[in-house]
Amino acid sequence: MSALIGSDLIAGIQNSYELLQPLANPWLAEISEAEVEPLVLASVLLSLIVVYLAAKLGGELCARVNLPAVLGELVGGVIVGVSALHLIVFPEGGGEVQSLLMNFVGMTTGQAPEGLLRVFQGESEVISVMAELGVIILLFEIGLESDLKELIRVGPQAAMVAIVGVVAPFAVGTAGLIALFGIDTIPAVFAGAALTATSIGITAKVLAEMQKLSSKEGQIIIGAAVLDDVLGIIVLAVVASLAKTGEIEILNVAYLIAGAATFLVGSILVGRLLSPYFVMVVDQMKTRGQVIISSLIFAFVLAYIAAAIQLEAILGAFAAGLILAETSKHKELEEQISPIADMLVPIFFITVGARTDLSVLNPLEPANRAGLIIASFLVVVAVIGKVIAGFVIFGQPGVNRLAVGVGMIPRGEVGLVFAGVGAASGVLTESLDAAIIVMVIFTTFMAPPLLRMVFKTDDEVVAMPSADLEVAEEVESSPEAS
């Protein structure tokens, strides 16, 4: 229904735009490139108004009903995105502007359709880049709040969680799609691969809001999610190669594995050696913002290196945060990075929600039914495959294994990347592509409240023995007991 309302609004504004366009000044009809740039800036500013309003309203509503604010940001993104109001929409390769916001810009400026399309593309690129910067800043902040020594200490457990969390859903998902639904091997492998990676951004944000990031469970989840990202990139490279050539390029896979291991270990080791010199240089600076600017330069350098060797830029930012967390400047840096994160991170979550097309959930559309049936299977495998990964933890008494498993559930933007690559390569059918999108939607939105629920249950269980102990002490000290 909301999608229909959004479509009607777009049609109404388009009709008004067509009626008003002949009345616009002639110089607006053939606007030059120099005159398009101010409109791109104006459109970006208008988009940011919508993004921040949606993020704050959604976050506040969720916070008031004791739900994670990030869930409200995701829901806000869905409402202003392609599923409902069509305010924040991204070009999908077509030559038409489907954004209600952009049509409003066209109506108020008298912009010609060709110029409006250029404005739309420019605005979308800027918002996409700002969203990517948002997740880079988020992972940098998460790195700063993490304990490298604790991450190393829980490294074996995190590695076990990551490996099981990748292998189990991939194997069961691929085999199930082939056996139960008769899907060809390569599409089944691609869909199974979409079940592997965890969206570290969503889980980390929820853990930070709950002040569980530095807990043993939080460190295992973060460590496993980082490894999941690396393994997910490798799996994506393998299945993409398989889709293109029908065979796996062993050298490419070996390069990715070696590059990931070398980058993560090498950057942390070298960074720890150089961090005293970093502090010394910063202390010698006299200009304003010396700590935050120097730290961002360091984070962006590592993010660039990670992206250049075909890893995720967020891994470099996370590594930079881990390194700088070991320095004497980490408290000051945490305080200074928070306002930047507050400004950029909501753009990322609103964008994830805005790109989510809920029309694939409509069972009244015959084309969606096959996808929904397959999606139900994928959702079950996606949830169980990650939850069981939490129960392989060893040598850590008292760890909430269910919380670790639940923390690995959300696929978020990572799953959408798999779906996008698969659809672009022509490997995935419409129903299978829709099924992956549905799986991403469910796992992304169900994880935050589930994570809060399992941690709350754990806190209640921990609190009970101390309460019982106090009662026992009162009984022992009472006159009747003596």
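This note walks through a few local features of the structure above.

1. A word on the model. The structure is a predicted model, in which local features need pLDDT of at least 70, side-chain atom pairs count only at pLDDT 80 or more, and totals for chains, interfaces and linings use all residues. Residues are numbered from 1 along each chain as its sequence is written, and side-chain values use heavy atoms, with hydrogens and water left out.

2. Two backbone angles to look at. Most residues other than glycine have a negative phi. His 86 is not a glycine, yet its phi is positive, about 60 degrees. You will find His 86 in the loop between helix 4 (69-80) and helix 5 (100-109); helices here are DSSP runs (H or I, at least four residues), numbered from the N terminus. Gln 211 also has a positive phi of about 60 degrees without being a glycine, and Gln 211 lies in the loop between helix 10 (200-209) and helix 11 (216-245).

3. Are these two residues buried or exposed? Buried means under 20% relative accessible area, exposed over 50%, and partly exposed in between (1.4 Å probe, protein chains only). His 86 counts as buried because its relative accessibility is 10%. Gln 211, at 70%, counts as exposed.

4. Aromatic pairs. The whole structure holds three of them. Rings of Phe, Tyr and Trp (its six-membered ring) pair if their centres lie within 6.5 Å; planes under 30 degrees apart count as stacked, over 60 as edge-to-face and the rest as tilted. One of the pairs is Phe 278 with Phe 298, which is tilted, with 6.3 Å from centre to centre and 40 degrees between the planes. This pair links distant parts of the chain, as Phe 278 belongs to helix 12 (residues 250-284) and Phe 298 to helix 13 (residues 290-308), 20 residues apart. Phe 278 is buried at 17% relative accessible area, while Phe 298 is partly exposed at 22%. In Phe 348 and Phe 349, the ring centres are 5.0 Å apart and the planes are at 65 degrees, so that pair is edge-to-face. Both Phe 348 and Phe 349 are buried.

5. A charge over a ring. This label applies if NZ of Lys or CZ of Arg is within 6 Å of the ring centre and within 35 degrees of the ring normal. Here the charged end of Arg 355 sits over the ring of Phe 90, 3.9 Å from its centre.

Note on methods. Helix = DSSP H or I, 4+ residues; strand = E, 2+ residues; numbered from the N terminus.
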